[in-house]
Amino acid sequence: MKTDELINMLANHAPPVDRQIVTRRFGTALVIGLALALLVLLTVFGIRPDIGQVAATPLFWAKLALPASLLAGALLVTTRLARPGAPVGNGWVTVAAPVVAVWLAALGLLLSVSANNRWALIFGETWRVCPVNIALLSIPAFVCVFWAIRGFAPTRPRLAGAAGGLLAGSIATLAYSLHCPEMSVAFWAVWYVLGMLIPTAVGALLGPRLLRW
Amino acid sequence: MQRTTSHEALKARETHLQQLFLQGLDGDEAAYRQFLTLLSAHLRSFLRRRLQSPEIEDLLQEALLAVHNARHTYRSEQPVTAWVQAIARYKLMDHFRAHARHDALNDPLSDQAELLADEDHQAQQAQRDLARLLEQLPDKQRLPIFHVKLQGLSVEETARRTGLSASAVKVGVHRGLKALAALIGGHR
């Protein structure tokens, strides 16, 4: 086929394009991903029994702030990477800032206690299962997010996959923090971040294959 | 080729292309056709600086098709040239990767028997009639080619009969013709 013929074929009866459709698709994916993560949380893990009392403390909301702000940052970066030629720019800051903030807070906490109390603040009671649970909880959101990205046209599929994985990880962590009994910022700084890094790495690994177009 | 294009000229070109593209996105076919025609000239010279001549037209068509299929991801606050260039570069990298793999799979011919075997095989492929070649294509390529190229139906009519979207019919024709060419050539 000659290039002129191809152009004619593409232009003939090309209907108007709905440019909001991909944004709506992302919204749908987020809502379904979060709902599924909560569903798995309720059926497999359960919500912590003292949620009523703990929800009245500011520390509980600080705990939710880490995954919530990472969710917003990862969403921004993912939607930018999903469009050809859109610079990520300050999007990177919105992903880095929550992590740096929680690390600084953890450092402050650890420096304020005596040396032999530090390990308990870092490891808590559940460090063995925390990253694995977050990674498992992120699976349904991961599927939803990748379905949404595939509606776009990512030209850097590895990065887009990593950002999508982080988005799924932050959704999972948001749900998991309703179950997790740990209340030390040093614990979140290590194990929550590690838990979210697992779907991020999987996303970077699978991105070139799953997001090809 | 000398590159004397000034900054203003580039900016004017960008504005013109973007205007045509945005009109095309709103359903103006003439503007869209003009956009694709202008774009193909730019893309051709972009590719000429990076590829051997026999591959340029193939990849140009691949890139135009990619632009067409991704056109819903464009945002009007973004320069259309940056958007197109990212797509063209992505398709170019894809092409280089596919070629590296293709070359790695093909052993260099070691003796004459192998050379003759290859010749024989190609002769058999060429004897097959079109219908049998078409049978090898998946439905989403075979049906568009059958209706559009053999029956002469319009893209819309084909879309209605096959239940595919108009866009899928166009992609099917393009990919299908390329696949047929490859089957007849007996490689790739």
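Predicted model: local features only at pLDDT ≥ 70, side-chain atom pairs only at ≥ 80, totals over all residues.
1. For the complex, the predictor reports an ipTM of 0.85 and a pTM of 0.78.

2. Chain B is helical. It has nine helices and zero strands, so if you trace the chain along its sequence you read α-α-α-α-α-α-α-α-α. Of its 188 residues, 26% are buried. Take the contacts in chain B with a separation of 6 or more: 53% of them come from residues 24 or more positions apart.

3. How confident is the predictor about chain B? The pLDDT averages 78 in chain B, and 78% of the residues score at least 70.

4. Keep an eye on residues 107-128 of chain B. The pLDDT stays under 50 over that stretch, and the model gives it nine contacts beyond four places in sequence.

5. Now the place where the chains meet. On one side there are 35 residues of chain B, in contact with 25 residues of chain A. The elements of chain B that give two or more residues to its side are helix 1 (7-25), helix 2 (29-48), helix 3 (53-69), helix 4 (80-105), helix 8 (155-162) and helix 9 (166-185). Helix 4 of chain B gives the most, with seven residues. By type, the chain B side splits into 15 nonpolar, eleven polar and nine charged residues.

6. Over in chain A, have a look at helix 2, residues 21-45. This helix has 25 residues and reaches 35 Å from its first C-alpha to its last, close to the 36 Å expected at 1.5 Å a residue.

7. Which residues of helix 2 of chain A are buried? They are A:Phe26, A:Ala29, A:Gly33, A:Ala37, A:Val40 and A:Leu41. And what do these buried residues pack against? Their partners are helix 4 (58-81), helix 7 (130-150) and helix 8 (157-176) of chain A.

Note on methods. Residues numbered from 1 in each chain as written. Chains lettered and ligands numbered in written order. Contact = placed C-beta atoms within 7 Å. Helix = DSSP H or I, 4+ residues; strand = E, 2+ residues; numbered from the N terminus. Nonpolar A, V, L, I, M, F, W, Y, C, P; charged D, E, K, R; others polar. Expected span 1.5 Å × (residues − 1). Buried ≥ 20, exposed ≤ 12 C-beta atoms within 10 Å, placed from the backbone. pLDDT = per-residue confidence, 0-100.
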